[in-house]
Amino acid sequence: MSSAQADPGGSEPAWRHALSLFGDIKYPAGFQRFDYVNPDAPKGGVARTISIGTFDNFNVAVMGVKGQIAQAAMAIYDTLMSPSQDEVSTEYGLLAEGASHPDDYSWVIYRLRKEARWHDGKPVTPEDVIFSIETLKKQSPSYGAYYRHVAKAEKSGERDVKFTFDVPGNRELPHIVGQLLVLPKHYWEGTDDQGRKRDISATTLEKPLGSGPYRIADFVAGRSVRLERVKDYWGANLPVRIGQNNFDELRSEYFRDNNVALEAFKADQADWITENSAKQWATAYDFPAVTEKRVVKEEFPINDLGRMQGFVLNLRREQFKDARLRRAFNFAFDFEEMNKQLFYGQYKRIDSYFYGTELASSGLPEGQELEILQTVRDKVPPEVFTTPYTNPVGGNPEAVRANLREAMKLLKEAGFEVRERKLVGPSGKPVTAEILVESPSSERIALFFKPSLERIGVTTSVRVVDDVQYENRVRKFDFDIITDIWGQSLSPGNEQREFWGSQAADEAGSKNTIGIKNPAVDALIDKVIFAKDRAGLVAATKALDRVLLWNFYVVPQFSYPYARYARWDRFAHAELPKFARSGLPTLWWYDQDKANRIAKRS
């Protein structure tokens, strides 16, 4: 199907083999494969990965709401479209052979491939697609927010599904509908081996039916999952699949603790490990296999996303409703000393909700960004227009004392005062804060912050809980302070509503863990979503970023521009594309010669 194939009468919008938000489409209709893959990559071998935590669920529909999802469950499904990793926000047909939408983006039609099949051999149908979006919107706050503007999904042809949107002009909607995880309706409406009717609203450890390149072969609940490559996978020869998914097996071993996971990796019980700890990366990889070059340490540039990571101050707690208290917490945080003591100076302080991208605000607003901000001028802090946002800088006693003086000045302005070394709010109630964490690495950071908060009179505690309890408390927003991370694509859009939108603040399990209900933020999110071109998107995103920063919703933490991996040297890959990071495991393959050279696995 060509990228501009219209009906003979010329009255219908063109069918497209690919969709891109704003840029040009690199690969033309009829392309054979992505440039960055090795079409001759050998199939075979086993890749063993490490996951931290546990799992008790394979049902992706309730992921983030009930139970702990096994990430392997995501690998068994295909989506309507598939992204390329050498372009920004461009996707090509996978389950769908093409898409069609009008110039006002008021609807989109996806046409399924005739050959698309579930692992049981039954065809993927429009009914499956409709069932999927309706179910995911109902069961998941995240999907509900992401697809809230999809007003209707209906069958419009033998293999066609039409999605109608509630408003025109949202150019992202046709694109993100293509990312839909398609679930098998007949499976979920059927019965299991014991004759019990399946319930898609509940967690399950029954191996689900998929359509993708892998299926779940076996597992040990909470401990391990083994995926096997589907040898007769229907989409193996599609242009978006050639040269990928080369391992016969993917095994994921779960560990509750990062230190235990590292010891398992050293003992060759896993093939690669992701390292998120700067201390571990600097000190823990000095074992013989590294010296002998049987284990390779490698850093891969992160070019595909931005991020905000910070201490979340839960606005649902009365004491955190005052922005001056929140800002005082930022003045109390001595990042520079933490970076020196805990992280070997490897990190940079985050100063944007879109850190690491061109979307990050800086300096003072001007041009189109300023015009956008003028529309919410009466609803945002005046500093948005007058003062570039910067984080306080510590690192030495003089700077720390100056920051603490500024914190106390803000607190006094807000009606807080210190009585008997305890900070007391305007109501006379002491200010207390429990920092909730679920891992030793997070605990180290919280314990470093604790004495700084105590210096401004905040009674602070650090509570360590297991993964399940942590997830349950976060879903219910039952915390004072947590650390949260928001990954940002290079083309932000509808997901911003779930991150910062007022509606999401009351939806259990949403990513608006902060609890933001701000009409200016809501208005700027709309500006992002309805941007008409790339320049407008960048300007609107910078405006949103600036308003989020000047409300001091989080105490920003730190970031590192590379993904750190260590691996046993048994694998190979072609040259990795710009936005793939490591490309593990999709773009790699098992290299038997390398494996022989470093000796057998234990």
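Analyst: On a 1 Å grid over the protein atoms alone, a cavity is a set of points where a 1.4 Å probe fits but cannot get out, and lining residues have an atom within 4 Å of a point. This is a predicted model, in which local features need pLDDT of at least 70, side-chain atom pairs count only at pLDDT 80 or more, and totals for chains, interfaces and linings use all residues. Residues are numbered from 1 along each chain as its sequence is written, and side-chain values use heavy atoms, with hydrogens and water left out.

User: Which residues line the largest cavity?

Analyst: Its lining consists of L21, F22, R171, E172, P492, G493, V528, I529, A531 and L537, around a volume of about 50 Å³, where a volume is the space filled by probe spheres set on the points, which are joined across faces, edges and corners. Counting Ala, Val, Leu, Ile, Met, Phe, Trp, Tyr, Cys and Pro as nonpolar, Asp, Glu, Lys and Arg as charged, and the others, Gly among them, as polar, this lining has seven nonpolar, one polar and two charged residues.

User: How do I read a sheet, and in what order do the strands of the open sheet stand?

Analyst: Strands of a sheet pair through backbone hydrogen bonds, either parallel or antiparallel. Here strands (E, at least two residues) are DSSP runs numbered from the N terminus, and two of them pair if DSSP finds at least two bridges between them. The open sheet of three strands has the order β2-β5-β4, with antiparallel pairing. Because β2 (18-20) and β4 (81-83) stand at the edges with a single partner strand each, one side of each is left without a neighbour in the sheet. Three bridges join β2 to β5 (residues 90-93), and A18 has Y92 as its bridge partner in β5.

How values were computed:
Helices (H or I, at least four residues) and strands (E, at least two) are DSSP runs, numbered from the N terminus. On a 1 Å grid over the protein atoms alone, a cavity is a set of points where a 1.4 Å probe fits but cannot get out, and a pocket is an open set with protein on both sides within 12 Å along at least five of seven lines; lining residues have an atom within 4 Å of a point.
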